[in-house]
Every structure is written in structure tokens, then in C-alpha cells.
Protein chains: 2
Amino acid sequence: MDLVIVGSVAFDSIKTPFGYAERVLGGSATYCSISSSFFCKDVGVVAVVGEDFEEKYFRYFLDRGIDIKGIERKKGKTFFWEGEYTTNFNEALTHKTELNVFKDFNPQLPSEYENCKYLFLANIDPDLQIKVIDKIKNPEFIGLDTMNFWIENKRDSLLKVLERINILFINEGEIKLFTGESNTVLAGKKIIEMGIEKVLIKRGEYGAILMEKDRAFAIPAYLVEKVVDPTGAGDTFAGGFMGYLAATGDFSFENLKNCIISGTVMASFNIEDFSVKKLTSIGFNQVSERINNYLNLIKVDAEKILKQN
Amino acid sequence: MDLVIVGSVAFDSIKTPFGYAERVLGGSATYCSISSSFFCKDVGVVAVVGEDFEEKYFRYFLDRGIDIKGIERKKGKTFFWEGEYTTNFNEALTHKTELNVFKDFNPQLPSEYENCKYLFLANIDPDLQIKVIDKIKNPEFIGLDTMNFWIENKRDSLLKVLERINILFINEGEIKLFTGESNTVLAGKKIIEMGIEKVLIKRGEYGAILMEKDRAFAIPAYLVEKVVDPTGAGDTFAGGFMGYLAATGDFSFENLKNCIISGTVMASFNIEDFSVKKLTSIGFNQVSERINNYLNLIKVDAEKILKQN
């Protein structure tokens with residue numbers, strides 16, 4: 001296995017100004033793995049689902065060539081989330097959270113997953129994230145996501161796991177909460193000083209910032225005209241990032257920029273429809289075409305302005 | 001005269017989390033002209049001040065080689081604004097606005113200004129903006145800024161003046177108000193459909209988007225660690241943009257990107273201190289150095305990702 005993704009597979013009921021989707025496929029590992037599969041051909045998912053998770057839902061993964069041996073099926077019901085976006089697409093109102101089988105999630109890695117080179121730990125309890133890392137024999141690059149709840153309630157565990165990863169994916173509000181800095185750049189610097197190798201600050205519709213010691217890269221998001229449902233955008237971003245990284249095996253700062261571009265483009269597709277509808281209706285041609293459009297949107301001829309000055 | 005800037009010259013009292021500045025030099029034409037002077041050597045300002053505007057304040061302009069024949073001195077007091085930024089640097093709380101001599105501002109252009117090629121109309125009554133345009137003999141490129149108040153109260157006049165300009169500088173909230181579109185990209189498209197040649201959507205700390213028919217360019221802002229006072233950032237941006245444009249005389253889409261980079265870098269300096277303190281303490285070397293840093297921050301090697309795919 002090249003890339004292993006650990007997180008949630010869930011059902012979501014989502015309301016946005018563009019409509020309502022009832023009990024559709026969701027979850028961090030779902031969005032992330034499907035997105036990564038556009039770049040990496042050897043992806044495995046570790047998650048847990050309930051008895052209500054019918055065969056047809058596994059097809060979403062299998063159709064994209066994703067290995068599902070790591071998706072455990074347990075007695076009980078699948079994790080369910082009900083939420084709503086009103087005018088502000090940057091923040092969801094949660095109406096209902098039923099953890100169900102996800103409550104006692106204890107990631108079970110099939111033995112061949114332990115040899116993976118690339119690992120992405122979606123937002124779960126940092127103690128579980130540590131357990132997973134312990135099982136991987138020779139990880140080459142580990143990405144991790146987290147959220148306010150763990151920052152506030154499991155800070156020590158979170159700090160421990162962060163020492164062992166290569167890149168933290170975190171949104172702008174969360175990194176400010178984590179560091180106590182109201183300025184995003186200072187918050188990023190503080191995270192790096194805490195010993196985290198790299199941080200990817202997610203700014204939603206405004207793009208992302210990558211920071212490591214003494215280096216930074218900033219990029220706007222793709223311009224999307226119709227945002228239907230932003231659910232899973234961050235995980236889709238991480239999936240594109242990790243998938244491109246696994247496909248290239250190049251950890252240079254320059255190539256991480258390409259990972260960000262891939263993540264940005266995948267996320268831009270995801271938000272155009274509910275659930276994984278868009279991600280499962282496009283092919284690599286469309287991804288490639290949008291990467292071109294995106295590069296065109298952000299292209300600067302640096303030579304010229306330097307000569308002018 | 002190459003570049004003429006019409007707007008306000010004012011006194012501001014500003015409180016931010018980093019301190020308080022009392023009755024310091026401000027106003028849209030002040031920020032804009034000083035910023036533009038780093039690129040364009042032939043800049044004139046059209047504004048009005050009161051008897052309390054002492055000689056020493058004119059030095060700020062003269063020291064940067066800016067022509068002040070267009071700054072009328074009238075009986076009464078200079079425009080005064082008192083405001084505060086709390087944790088949100090994106091929006092100011094206004095405590096006091098005393099229009100004073102600015103209330104009856106009727107822009108008086110010295111005759112040599114009428115031959116200017118480049119004109120920037122800062123945020124004033126659109127009827128006055130039209131009057132100024134009528135006086136310019138052969139304008140080659142006109143930029144214009146506006147605000148909520150004119151969008152809501154003088155929409156017809158605003159629409160009239162917008163037909164006659166080349167680029168509208170407008171912030172994200174304003175363009176949504178103007179067009180009734182909650183999506184920024186759609187708002188931009190709608191503005192272009194209304195017959196406005198180009199629009200520059202200002203997103204504050206998140207950068208800017210340039211749109212014209214069938215083309216767009218998006219860019220993040222420079223990463224500033226210590227934002228002391230954001231007052232005048234938009235006008236400083238416009239100044240850098242117009243100054244670079246006037247210096248190069250190149251209206252191509254590619255060169256407008258360089259104008260945006262120049263504006264972005266100038267604005268990043270401006271917000272590092274109160275009033276025009278920072279802008280009047282740096283030289284072109286520092287501007288040039290930061291342009292380099294900024295290009296480095298946003299640099300992407302497009303060739304590589306395309307080959308990979």
C-alpha cells in the first residue's frame with residue numbers, strides 16, 4: 001500500500017441555500033481517499049461503519065480503485081451528521097451528531113497497510129493517531145488534520161502526535177486558537193517553533209498558506225462560481241495533496257506547492273455538488289484541465305516586473 | 001502631469017490594539033499619491049484642506065516629489081475622521097466624521113493636470129468624479145474607487161461614471177452589495193456584464209482578484225506579521241497600482257498583474273504603522289526587496305506540475 005488514510009466514513013444530511021441532501025455518503029476518509037485516488041493508484045482506507053452501510057456504498061471506493069480492507073463493519077449504526085450552511089459557507093451549523101460505531105473507533109490496520117510510505121490521519125482523537133503511527137513500519141511522510149475539540153481538550157496528546165508528523169493541515173481559526181496568536185503569520189511561525197515540520201493553513205475560499213522554517217508559500221483558491229456544499233472541502237484538499245505527493249515521491253518545497261495546487265483543484269470540484277457527487281462524476285481529464293486553468297489564474301511573469309524595477 | 005489623483009486629504013485619529021494616533025495625516029489622496037510616487041515621478045494631487053492644515057503637512061507630499069498645486073486651501077477646518085479597529089482589522093468603527101471643507105469639495109484642476117494620461121478618482125461623490133473626467137483632455141487610463149454610501153444612494157451617477165473608466169477598485173463586501181450576488185466570482189462577472197472594463201476586487205489580508213471579460217487573475221496578499229493600522233490600505237494599493245501603470249504605460253493584462261503586485265507590496269508597508277509613517281520612512285530599495293520576497297512567496301513552477309500530469 002502506498003497511501004493509507006485513516007478517518008471517518010459517515011452519512012450526512014446537509015442543507016445549503018442550494019438544496020438538501022439526505023443521508024448521503026460523507027466522512028473525512030471518504031472525501032480524502034476519493035480525492036487522492038486521482039493521483040495515487042494504491043490507496044487504502046481505515047475506518048469503521050455500521051450494519052446500515054450497504055454494499056452499494058463500498059462501490060464509491062471500489063470504483064476509484066481504493067482498497068477497503070481497512071474499513072471495519074461493526075454492529076450498530078454508521079456515524080451520522082446533520083448540518084446546515086446558511087449564507088456563510090465557511091461555517092456549518094450542526095443540528096445532530098450521532099457517533100454510533102465511530103464512538104469506539106479503534107483503527108485496525110490490515111498488515112499490508114503497515115508498510116505504507118504515506119499516511120494521512122484525518123481528524124480523530126490524537127491518541128488514536130499516535131497508535132496508528134506506532135503501527136507503520138517505515139513512514140516517509142505523514143499528514144495530519146485536527147480540530148478545535150482536540151486543541152481544547154487533548155492538547156498534550158495533540159502536541160505529542162504533532163512531533164511525529166511532517167505536515168499539519170489546520171484552518172485559520174484553529175491555528176489562532178491553538179497558538180493564541182491573532183495574526184495568521186505569527187500563528188504559523190509559532191507552530192513551527194513548537195517543532196512541527198510544516199504547516200498548511202487552510203483559508204477556505206481564500207486559499208492556503210504553507211509554512212516551514214524560514215520559508216512560506218501563499219496561494220489563492222480556485223474561483224468557483226457556484227458553491228453548492230462545502231462539506232469535505234478540507235479533506236478533499238488533503239486528499240489531493242497526499243495523493244499527488246505519493247504519486248511523485250518528491251518532498252521538496254517546490255513539489256509541495258504542486259501538492260497544494262492539486263489539493264486546491266480537487267477541493268474546487270468537491271464544493272460544486274453535495275456529497276462525493278462531483279468527485280465521482282469527473283475523470284482525470286477534467287482535473288488536468290482545471291489544473292491548467294488554475295495555473296493560468298495565478299500565473300505571474302516575475303521576470304518582467306524585476307526587469308522593470 | 002502623468003498621474004493625477006483626486007480624493008481627500010484629512011486628519012485622522014485612530015485607535016488600534018497597537019496604540020493610538022491623534023490627528024495624524026490621512027485621506028485617500030494622501031495614501032494614494034505617496035504610494036504612487038515610488039513608481040511614477042510626475043504625480044499631482046487634487047484635494048481640499050482647511051486653515052488648520054499647516055505647511056509642515058505639505059512637506060509629506062513635496063518630499064516625495066508630488067505636485068500640490070491641486071490642493072486647495074479653504075476657510076474652515078480640514079476633513080477629520082476618528083475611528084477604531086478592535087480585533088477585526090477588516091472593519092473600522094467610526095466614532096466621528098467631520099467633513100468640514102470636504103463637504104463642498106469641488107475639485108479644481110490646475111490647467112496642466114488636464115493633460116494627464118492617468119487619472120485615479122478616489123472615493124468621492126460620483127457626480128464629482130464625472131466632472132473631473134470631463135475636464136481631462138486625453139485620458140489613457142482611469143481608475144476609480146467608491147464605497148457603500150454611493151452604491152446605495154447615488155447608484156445612477158455611479159453607473160454613469162463607471163462607463164467611462166478603465167478599472168473599478170472595490171472591496172468584496174461592496175461588490176456583493178452592488179450586484180446583489182453573494183458569490184464573489186459571480187459578482188465580478190456581473191460587474192463586467194454591466195459594461196465596466198475591468199474590476200479589481202480587494203480582499204484585504206486575503207489578496208485581490210482582477211477580472212475582465214473572459215479573464216481573471218487571483219493573488220494572495222503579502223504576509224504581514226504585525227498589522228498596526230490598516231487605514232489607507234486600499235488607497236495605498238491603488239496608488240502602487242496606478243503608479244506602476246503610469247511608469248510602464250503598458251495596459252496589457254500581464255502588466256496589470258505587475259501593477260497589482262506593486263499595489264500589494266505598497267499596502268503591506270502601509271499597514272505596518274500609523275498614518276503614512278511607514279510609507280515616508282522607506283526608500284525604493286525596500287520596495288524592490290519586498291517585491292522580490294513577495295514574488296518568492298507566490299512563485300509556482302507551472303512547467304513541472306504540467307509535465308507530471
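Hi everyone. Before the first pair of helices, one definition: the axes I mention are lines fitted to C-alpha atoms, for helices over the stretch in contact, and angles run from 0 to 180 degrees between N-to-C directions. Please keep in mind that this is a predicted model.

Let's begin in chain B. Helix α9(B), residues 253-270, packs with helix α10(B), residues 284-298, at an angle of about 110°, and their axes are 10 Å apart. Angles of 65 to 115 degrees count as roughly perpendicular, and α9(B) and α10(B) are therefore roughly perpendicular to each other. As for handedness, the crossing of α9(B) and α10(B) is right-handed.

Which residues make the contact? From α9(B) we have Ile261(B), Thr264(B), Val265(B) and Ser268(B); from α10(B), Val287(B), Arg290(B), Ile291(B) and Tyr294(B). By type, the residues of this contact of α9(B) with α10(B) are five nonpolar, two polar and one charged.

Now over to chain A, for a sheet. Here four strands form an open sheet, and the order is β3-β2-β6-β7. The pairing in this chain A sheet is mixed. At the edges sit β3 (19-26) and β7 (93-98) of chain A, each pairing on one side only. On average, neighbouring strands of the sheet are turned by 10° against each other, direction ignored.

Let me zoom in on one pair of strands. Strand β2(A), residues 10-16, and strand β6(A), residues 80-84, pair in the parallel sense, over five bridges. If you want a place to look on screen, find Ile14(A): its bridge partner in β6(A) is Gly83(A).

Notes. Residues numbered from 1 in each chain as written. Chains lettered and ligands numbered in written order. Predicted model: local features only at pLDDT ≥ 70, side-chain atom pairs only at ≥ 80, totals over all residues. Helix = DSSP H or I, 4+ residues; strand = E, 2+ residues; numbered from the N terminus. Parallel < 35°, antiparallel > 145°, perpendicular 65-115°, else oblique. Left-handed = near helix turned anticlockwise from the far one by under 90°. Contact = placed C-beta atoms within 7 Å. Nonpolar A, V, L, I, M, F, W, Y, C, P; charged D, E, K, R; others polar. Pairing = 2+ DSSP bridges.
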